[in-house]
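Work through the exercises below with the sequence and the coordinates open. Each task is followed by a solution in steps.

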Amino acid sequence: MPTTNGNRKILHLKRWELVDQLRAATVAGSFIEGSRHFRQQQLYVRGTTEAYLYLPQEDGWVTIPSPALAGSLAAGASCASGAFSTGTTVAATTLTATGGTTSTIVTNQTLARDLRGYQVHIVSGPNAGVTLEIVSNTIGATATITVATQASAFTASTVYRLITPVWYVLGAGTLASGSFRKYCFATNSWTTLSQTGLAASLATDGRLVATPSYDNGAYMAFGSGTATSATATTLVQTGKTWTASQWINSQVRIVSGTGAGQLRTITANTADTLTVATWTTTPDATSVYQITGNDDFLYYLGNNAVTLYRYSISGNSWTTLSPGVARAAAPSTGASGHWIYGVTASDWNNESSILNGRYLYSFRGGASTALDRYDIAANTWAALTYAPATETFTTGTKYVYLADALYVHKDATGRWFRFDIARASMDGWTTMLYPNGAALVGDTAFGVTYTDGATRIDYVYIALNTSTVVLRQMVI
């Protein structure tokens with residue numbers, strides 16, 4: 001039967017409970033980062049050669065292959081999870097099949113895990129646009145994926161994306177080849193990515209942030225509709241009332257109709273027109289589209305500098321961004337970085353002046369109260385006013401983003417706060433009575449969501465500073 005959550009604020013107090021402990025205590029620079037998929041695995045990187053996965057359904061940790069990171073794991077190290085994997089392939093956001101049938105796709109990847117329940121998105125070729133659940137797959141080289149039978153046979157012209165977990169891990173210290181690597185769940189492998197274009201070394205808290213179009217089993221659309229016309233570089237829907245330039249750096253996906261499967265970064269928009277790079281197949285009045293987060297981009301902020309970097313997955317390259325309004329001051333120890341995409345307030349979901357999906361929020365840390373916001377579309381920073389701005393955050397602070405709020409663990413005190421994003425309001429949330437160890441840089445808090453139909457129940461987890469202890473609390 002469907003789950004009913006009968007917990008009520010005031011009536012039911014929040015309670016922290018112990019869960020499976022870490023296999024080794026947290027250290028400076030260690031972090032935990034969740035996947036964006038239905039099993040919600042959490043990656044714990046404890047050292048340059050030490051990493052684990054946590055499965056919330058089973059409440060257990062398992063050792064995975066060594067990250068083999070160059071440099072060190074210390075302040076400045078960070079991680080972001082992507083929604084779409086290209087296995088061991090680099091400088092690409094899609095893969096190309098080597099053959100298939102109406103129900104099978106022959107890959108060019110060496111799959112190491114059973115992926116049933118995960119999905120595959122067909123970008124172009126036969127059956128373009130569909131997102132299909134993986135029914136089964138073979139293990140080993142040129143693995144074959146089986147899906148539900150389709151109208152056309154998959155072929156060597158089928159271009160697809162695996163909707164399976166992938167983590168992008170950036171080490172610290174002096175950067176070199178091997179400092180930036182990705183872990184692919186499907187292939188159970190680490191692959192080196194380019195660190196060229198970043199600072200020469202990372203030595204103060206930093207955050208790597210992704211902006212994917214898919215989260216916890218579903219695409220996230222901030223705008224949608226059916227085109228009324230298009231050109232080689234535009235998509236038009238007459239009657240839309242978008243604010244000019246609000247969609248810059250977001251992504252448009254053709255869901256169905258002419259041009260289905262195509263993905264493009266939006267470079268400009270007017271009230272009813274999106275501008276993109278040249279379409280392979282120009283959409284028309286049958287083309288259904290969604291505007292989403294950008295699967296190609298990762299952002300890195302921190303390292304005691306106002307500099308903001310952006311990584312292109314398709315180009316395997318870093319760019320230093322030049323915001324029109326610079327960040328007021330550098331983030332420091334205990335800084336945060338989160339892409340805000342799930343606020344439920346109506347003004348955040350107004351397609352004509354969208355707020356969801358547009359901002360990176362970053363508490364500045366360094367024993368300050370400051371909160372900064374980066375506008376992805378406008379490429380500008382702003383310092384936000386909130387109340388009461390009295391609590392300071394520094395070494396040992398951890399953060400969890402869940403829908404309407406950021407949950408903040410202060411330093412190593414055990415005290416938690418809830419920052420309501422729509423209201424710009426900071427409230428006390430709870431205090432953990434279990435003692436922390438010495439404060440450490442590195443974010444080892446994470447969120448897990450239980451869903452059953454329309455029921456959503458969120459949990460905040462934290463691995464304590466200098467400890468193997470992990471606690472969780474239901475959000476009520």
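A cavity is a set of grid points where a 1.4 Å probe fits but cannot get out, whereas a pocket is an open set. The model used throughout is predicted.

**Exercise 1. Cavities**

Task: State how many cavities of 30 Å³ or more the structure holds, and describe the linings of the largest cavity and of the second largest cavity.

Solution.
Step 1. The count of cavities at or above 30 Å³ is four.
Step 2. The largest cavity contains about 140 Å³ of space. Its lining has 18 residues, and Ala 83, Phe 84, Tyr 168, Asp 295 and Ile 313 lie nearest the centre. Sorted by class, this lining has nine nonpolar, six polar and three charged residues.
Step 3. The second largest cavity holds about 70 Å³. Its lining is made of 15 residues, with Gln 246, Ile 248, Ser 250, Gly 357 and Arg 358 closest to the centre. The classes here are seven nonpolar, seven polar and one charged.

**Exercise 2. The largest pocket**

Task: Find which strand gives the largest share of the lining of the largest pocket, and give the classes of the lining residues.

Solution.
Step 1. The volume of the largest pocket is about 1,100 Å³. Lining it are 49 residues, and those closest to its centre are Arg 36, Asp 215, Tyr 341, Tyr 401 and Leu 402.
Step 2. List the elements that supply at least two lining residues each: β2 (31–34), β6 (78–82), β20 (206–210), β22 (218–219), β33 (338–340), β37 (398–402), β41 (445–452) and β42 (455–463).
Step 3. The largest share comes from β41, with six residues.
Step 4. By class, the lining has 23 nonpolar, 20 polar and six charged residues.

**Exercise 3. The second largest pocket**

Task: Which element gives the most to the lining of the second largest pocket?

Solution.
Step 1. This pocket has a volume of about 330 Å³. Of its 20 lining residues, Thr 93, Val 123, Gln 262, Leu 263 and Arg 264 are the closest to the centre.
Step 2. Two elements give two or more residues to the lining, namely β10 (119–124) and β27 (263–269).
Step 3. The most comes from β27, which gives three residues.
Step 4. The lining consists of five nonpolar, twelve polar and three charged residues.

**Exercise 4. Aromatic pairs and charges over rings**

Task: Classify the pair Tyr 214 and Tyr 219 and explain why the pair Phe 222 and Trp 339 ties together parts that are apart in sequence.

Solution.
Step 1. The whole structure contains 35 aromatic pairs. For Tyr 214 and Tyr 219 the ring centres are 5.5 Å apart and the planes lie at 85°, so this pair is edge-to-face. The cut-off for that class is over 60 degrees. Tyr 214 is buried, at 5% relative accessible area.
Step 2. Phe 222 and Trp 339 also pair edge-to-face, with 6.0 Å from centre to centre and 80° between the planes. Phe 222 sits in the loop between β22 and β23 (223–226) and Trp 339 in strand β33, so the contact ties parts 117 residues apart in sequence. Phe 222 and Trp 339 are both buried.
Step 3. One aromatic cluster is formed by Tyr 44, Tyr 52, Tyr 54, Trp 61, Phe 446 and Tyr 461.
Step 4. Turn to the charges. Arg 253 lies over the face of Tyr 219, 3.6 Å from the ring centre. The charged end of Arg 327 is placed over the ring of Trp 381, at 4.5 Å from its centre.

**Exercise 5. Strand β14**

Task: Decide why β14 counts as largely enclosed, and name the bridge partner of Leu 95 in β14.

Solution.
Step 1. Strand β14 covers residues 159–163, and five of the five are buried, so the rest of the structure largely encloses the strand.
Step 2. In a regular strand, side chains alternate between the two faces of the sheet. In β14, Val 159, Arg 161 and Ile 163 point one way, Tyr 160 and Leu 162 point the other way, and all are buried.
Step 3. Strand β7 (residues 95–96) is joined to β14 by two bridges, in an antiparallel arrangement. The partner of Leu 95 is Tyr 160.
Step 4. β10 and β14 also run antiparallel, joined by five bridges. Opposite Arg 161 of β14 stands His 121.

Key
Residues numbered from 1 in each chain as written. Heavy atoms only, no water. 1 Å grid on protein atoms, 1.4 Å probe; cavity = no way out; pocket = protein on both sides within 12 Å on 5 of 7 lines; lining within 4 Å. Points joined across faces, edges and corners; volume = space filled by probe spheres on them. Helix = DSSP H or I, 4+ residues; strand = E, 2+ residues; numbered from the N terminus. Nonpolar A, V, L, I, M, F, W, Y, C, P; charged D, E, K, R; others polar. Phe/Tyr/Trp six-rings, centres within 6.5 Å; stacked < 30°, edge-to-face > 60°. Buried < 20%, exposed > 50% of the residue type's maximum accessible area, 1.4 Å probe, protein only. Lys NZ or Arg CZ within 6 Å of the ring centre and 35° of its normal. Pairing = 2+ DSSP bridges.
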